[in-house]
Amino acid sequence: MNIRPLIPVALAACLLGGAAPAPADGLAVAAADQKAFQAFFKDRFPTLPLAEFGNGPYAVNAEMRKQWEDIMQFPPYDFALDEGKTAFETKFANGKSYADCFENGGIGVRQNFPYFDTKTGEVITLDLAINRCREANGEKPLKYQTGLIASIDAYMAETSRDKPFNIKIPDDPRAVAAYEAGKEFFYTRRGQLNFACASCHVTSSGDRMRGDILAPALGILAAFPIYRSDWGSMGTIDRRFTSCSSQMRSEPLPPEDPAYRNVEYFLSYMSNGVPITGPGTRP
Amino acid sequence: MKRLLVAFLLVAAPAFAADQTAATAALAAADQAEAQAGQLGNRWVPAEAALKAARAAAAKQDWDTALIEATRAKAYAERAVEQAKEQKMVWQEAVIK
C-alpha cells in the first residue's frame with residue numbers, strides 16, 4: 001500500500017492537534033495553572049490564609065486595614081445594598097422577578113459566576129445574567145458598570161458572603177478556549193505604558209503604586225461590586241477593567257465585551273476556594 | 001493689481017493643495033494603522049486622541065495641525081501593532097508555572 005499520499009494528511013492532523021488541545025488536556029492545563037497560581041501567592045504572602053485574599057489590599061497592608069476597619073463602621077455601599085434588595089424583590093411588569101431567572105432564587109449564588117454556558121457557547125457574568133433576565137421578561141436592560149446594576153449585583157453578592165468561588169470549566173473545547181483567551185488577556189502587555197494585568201497584580205502585588213497598594217490577583221474579584229472612593233460611587237468588575245485599561249493608556253473595550261468576560265472567567269477560576277466578600281470598598 | 005493677484009494664486013495654490021494632500025494622506029495612513037491595532041485588540045489612548053485631533057483639524061481645514069496629529073497617531077498606532085505582535089509571541093513567558 002502506498003502511504004505517501006497520506007503523509008500530508010497525517011502531518012496536518014498532528015499540527016492541528018498541537019494547535020488545539022483536546023478539552024481534557026485543556027482542563028488539565030487549567031487545573032495545573034490554578035495550583036501554580038495559588039501556590040505563587042501563598043509563597044508571596046506566607047502568613048495569609050486563603051480566605052483573606054478576598055480582602056485585597058487590606059489583607060496585605062496593616063495601615064490600610066486599620067483605615068478600612070474604621071470605614072466599615074458605616075460601609076459606603078449600604079445605600080446601594082438597600083436599593084439592590086428593593087429592586088431585586090420588585091416584580092417585573094409581567095409579574096415575574098429576578099428570582100425566577102436564577103438557581104435558588106438568586107440567593108447565595110454569586111460564587112458560581114461567571115460560568116460557561118454550553119448552550120450559547122459563551123461566558124456569562126452575573127451582570128450579563130441580570131440584564132438577560134430583564135430582557136427575557138420584557139424589561140429594558142440596565143446600563144452596565146454602575147448604578148442600579150451594581151446595586152442588584154451588591155445585594156446578590158451580600159447573600160453569598162463567605163461562600164467560596166466555585167467556578168467550573170466544562171469539558172467543552174469552547175469553554176477551554178474561553179479560559180485560555182482570558183489567561184492570554186491577563187498576561188498580555190498592552191497600552192502605551194506597556195503593562196499587563198499581571199504586571200501589577202502578580203509580580204508587584206502588595207507593593208505601592210503611588211498612593212495605592214496593589215491587590216494580589218488571587219481573590220481580586222471576590223469583593224465586587226465595590227464602592228470606590230476614587231469613583232465616589234459603586235462599580236462592577238467591568239467598570240474596574242475599564243478604568244484599569246485607561247490607566248494603562250489602552251482604549252477600554254465595551255462593557256461585557258467577550259474579552260472582559262473571559263478574563264473574569266480566568267481570574268475567578270484561579271480564585272476557587274476564596275470566599276465572596278462583596279460588596280466591598282476600595283480607596 | 002488683478003494680474004498680481006492671479007499670479008499670487010497660481011503660485012500659492014499648489015502649496016495649499018500640497019498641505020491638504022499631505023494631511024489627507026497622513027490621516028488615511030493613520031486610520032489604516034489604527035484599524036490594524038484595533039483588529040489586534042490593542043488600540044492606545046494617545047493614538048485615538050491624536051486621530052480625533054487630526055480629524056477635528058481637517059474639518060476646520062487646519063492642514064498643518066491635521067498633518068502633525070495624524071503623523072503622531074500613526075506612530076502610536078504602529079507601536080501598538082508592534083507591541084501586540086510581540087506580545088503574541090512572548091505572553092506565555094509571564095504565566096505563573
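D162(A) sits in the loop that runs between α7 and α8 of chain A, where helices (H or I, at least four residues) and strands (E, at least two) are DSSP runs numbered from the N terminus. Its phi is near 75°, a positive value in a residue other than glycine. D162(A) has 11 C-beta neighbours inside 10 Å and so counts as exposed. The cut-offs here are 20 or more other C-beta atoms within 10 Å for buried, 12 or fewer for exposed, and partly exposed in between, with C-beta atoms placed from the backbone.

Before going further, some housekeeping. This is a predicted model, in which local features need pLDDT of at least 70 and side-chain atom pairs count only at pLDDT 80 or more, while totals for chains, interfaces and linings use all residues. Residues are numbered from 1 along each chain as its sequence is written, and chains are lettered from A and ligands numbered from 1 in the order in which they are written.

Back to the backbone of chain A. R210(A) also has a positive phi, about 55°, although it is not a glycine. You'll find R210(A) in the loop between β3 (208-209) and β4, and it is exposed, with 4 other C-beta atoms within 10 Å. Then there are the cis peptide bonds. One joins F224(A) and P225(A), with omega about 0°, and P225(A) lies in the loop between β4 (212-213) and β5 of chain A. Another links G278(A) to P279(A), with omega about -5°; P279(A) is in the loop between α11 (258-270) and β7 (280-282).

Now step back and look at chain A as a whole. It holds 11 helices and 7 strands. Its radius of gyration is 20 Å, close to the 19 Å that the globule rule gives for 283 residues, so chain A is as compact as a globular protein of that length. That radius is taken over C-alpha atoms, and the rule is 2.2 Å times the number of residues to the power 0.38. Along the principal axes, the C-alpha atoms fill a box of roughly 80 × 50 × 35 Å. Buried residues make up 43% of the 283 residues in the chain. Of the contacts in chain A between residues at least 6 apart in sequence, 74% join residues at least 24 apart; a contact means that two C-beta atoms, placed from the backbone, lie within 7 Å.

A80(A), G84(A) and F88(A) are its buried residues. Looking down the axis of α5(A), these fall within an arc of 65°, so they line one face of the helix; the arc is that of the directions from the helix axis to the C-beta atoms. On the other side of α5(A), D78(A), T86(A) and E89(A) are exposed. The cover over the buried residues includes α7 (148-158), β5 (226-228) and β6 (233-235) of chain A.

Not counting residues up to four places away in sequence, R261(A) touches P114(A), V123(A), T125(A) and E256(A).

What about the nonpolar interior? A nonpolar core is a set of buried Ala, Val, Leu, Ile, Met, Phe, Trp, Tyr and Cys residues joined through C-beta atoms within 7 Å. The largest one has 67 residues, and those with the most contacts inside it are Y179(A), F186(A), L218(A), F266(A) and L267(A). Leaving aside neighbours within four places in sequence, Y179(A) is in contact with A30(A), I169(A), Y265(A), F266(A) and Y269(A). A second, separate core of 22 residues includes A47(B), A50(B), A54(B) and W63(B).

That brings us to chain B. It has 3 helices and 0 strands, and of its 97 residues, 30% count as buried. Residues 24 or more positions apart account for 71% of the chain B contacts with a separation of 6 or more.

Finally, how do the chains meet? 19 residues of chain A are in contact with 14 residues of chain B. On the chain A side, the elements giving two or more residues are α2 (23-44) and α8 (173-187), and the largest share, 3 residues, comes from α2(A).
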